[in-house]
Amino acid sequence: MKEIIVIVGPTGIGKTKLSIELAKKLNAEIINGDSVSVYKELNIGSAKPTLSEREGIPHHLLDLRNIEEDYSVYNYQIDVRNLINELNKKNKRIIIVGGTGLYIKAALYDYNFTKETIKNNYNELNIDELVNRIRKYNIELKKEDLNNRRRLVRILNKLDNNEEITNNKDKLLYNIKVIGLTTDRNILYDRINKRVDLMIDNGLFNEVSNLKDKYKNSRILNSAIGYKEFYNYFYNNKSKEEVINEIKRNSRRFAKRQYTFFKHQFNTTWFEVDFNNFNNTVNEVYNYLKKQP
RNA sequence: GGGAUAUUAGCCAAGAUGGUUAAGGCCAGAGUCUGCAAAACUCUUAUCAUUGGUUCAAAUCCAAUAUAUCCCU
């Protein structure tokens, strides 16, 4: 079976476009690797490829949930693995594209999730108490996690439920090739800023307006960039300007974090994008893939 | 020409009466990563305008210089 092509990189760099061009050349199907595009109602702000942009290439794992439903790495892992099996049977080439590092990593590497979600939030414990309880199990914590309540609660749940804290994060289950797209930071930031302006022009405001009343019931609306920033516009009279600037800033920060994830968590081969002639980039990647055994 | 006030990191800004390693915020950068991941968390950034002086000790006091704003002639 042929290796799975994984396209990663910061937001706004052209992953979608590359994936479609490559899919056309390779007769491949595309699996979405983006945690927000999973939601039906989030289109403009999620930069989900439109039907016409998809150019007839089958796209999987888009529009799976509505914004009041939840979806997580756990679900994604199952969905992707099933899809891979299916597409392999059809002898289809697979391209996974997206910016959600953990989702992609958990699907392709040997991450073990149990069906169980969190049983106990340990609301009665403060951070130090959480840390102490975890240490009783003789578990070493990284200094980065010492104030990370979310992560501490997760770890303690596993420990208290006798779940193994496995760490097979480097054990690959599939044959993959990770393509990373990159460019100069300033150019990227400029593109991100312009893309946000474009989203506004394309009606992001309307898209979010229609979902306004659902903020209370939707986890994703309160955490996805391009959506969460509107909350203060609707409910705390923040200006439209401010919202736009916040979206830009959050997108830039996100892009930076994506770089560090893809740099360190995957064995990524990076390609400098040629924005003046994107075909050059497509061909460069295509030739690279062809050369590989 | 005369006078007043100001000058602390890329930006904003706290630093009574001089006294251990110069708050904090923003922006930015570098990281962490097995269940909210577009999330959560960690780390990093100052010859205190310059020069000289007083003092055991100066961002803090004194003088000169530079720059900025305001006022007077």
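Residues are numbered from 1 along each chain as its sequence is written, and chains are lettered from A and ligands numbered from 1 in the order in which they are written. In this predicted model, local features need pLDDT of at least 70 and side-chain atom pairs count only at pLDDT 80 or more, while totals for chains, interfaces and linings use all residues.

Colleague: What is the order of the strands in the open sheet?

Modeller: Strands are DSSP runs of E with at least two residues, and helices are runs of H or I with at least four, numbered from the N terminus. Two strands pair if DSSP finds at least two bridges between them. The sheet has 6 strands with parallel pairing, in the order β3-β2-β4-β1-β5-β6.

Colleague: Why is one side of β3 and of β6 left without a neighbour in the sheet?

Modeller: β2 (residues 28-32) and β3 pair over 2 bridges, with I30 opposite H59. β5 and β6 (residues 268-272) pair over 5 bridges, and V178 stands opposite T268. One side of β3 (59-60) and of β6 has no neighbour because each stands at an edge, with a single partner strand.

Colleague: Which residue in β5 does V8 stand opposite?

Modeller: Strand β1 (residues 4-8) runs parallel to β5 (residues 176-182), and 5 bridges join them. Within β5, the residue opposite V8 is G180.

Colleague: At about what angle does α11 run to β6?

Modeller: Contact requires C-beta atoms, placed from the backbone, within 7 Å. Axes are lines fitted to C-alpha atoms, for helices over the stretch in contact, and angles run from 0 to 180 degrees between N-to-C directions. Helix α11 (residues 278-291) lies across β1, β5 and β6, and its angle to β6 is about 150°.

Colleague: Which element gives the most residues to the surface near RNA strand B?

Modeller: Two or more residues come from each of α3 (73-89), α4 (101-108), α6 (149-160) and α10 (240-265). With 10 residues, the element that gives the most is α10.

Colleague: What distance separates the centres of domain 1 and domain 2?

Modeller: The domain bounds come from an automatic or database domain assignment. Chain A is divided into domain 1 (4-111 + 173-291) and domain 2 (113-165). Taken over C-alpha atoms, the separation of their centres is 30 Å.

Notes:
Contact = placed C-beta atoms within 7 Å.
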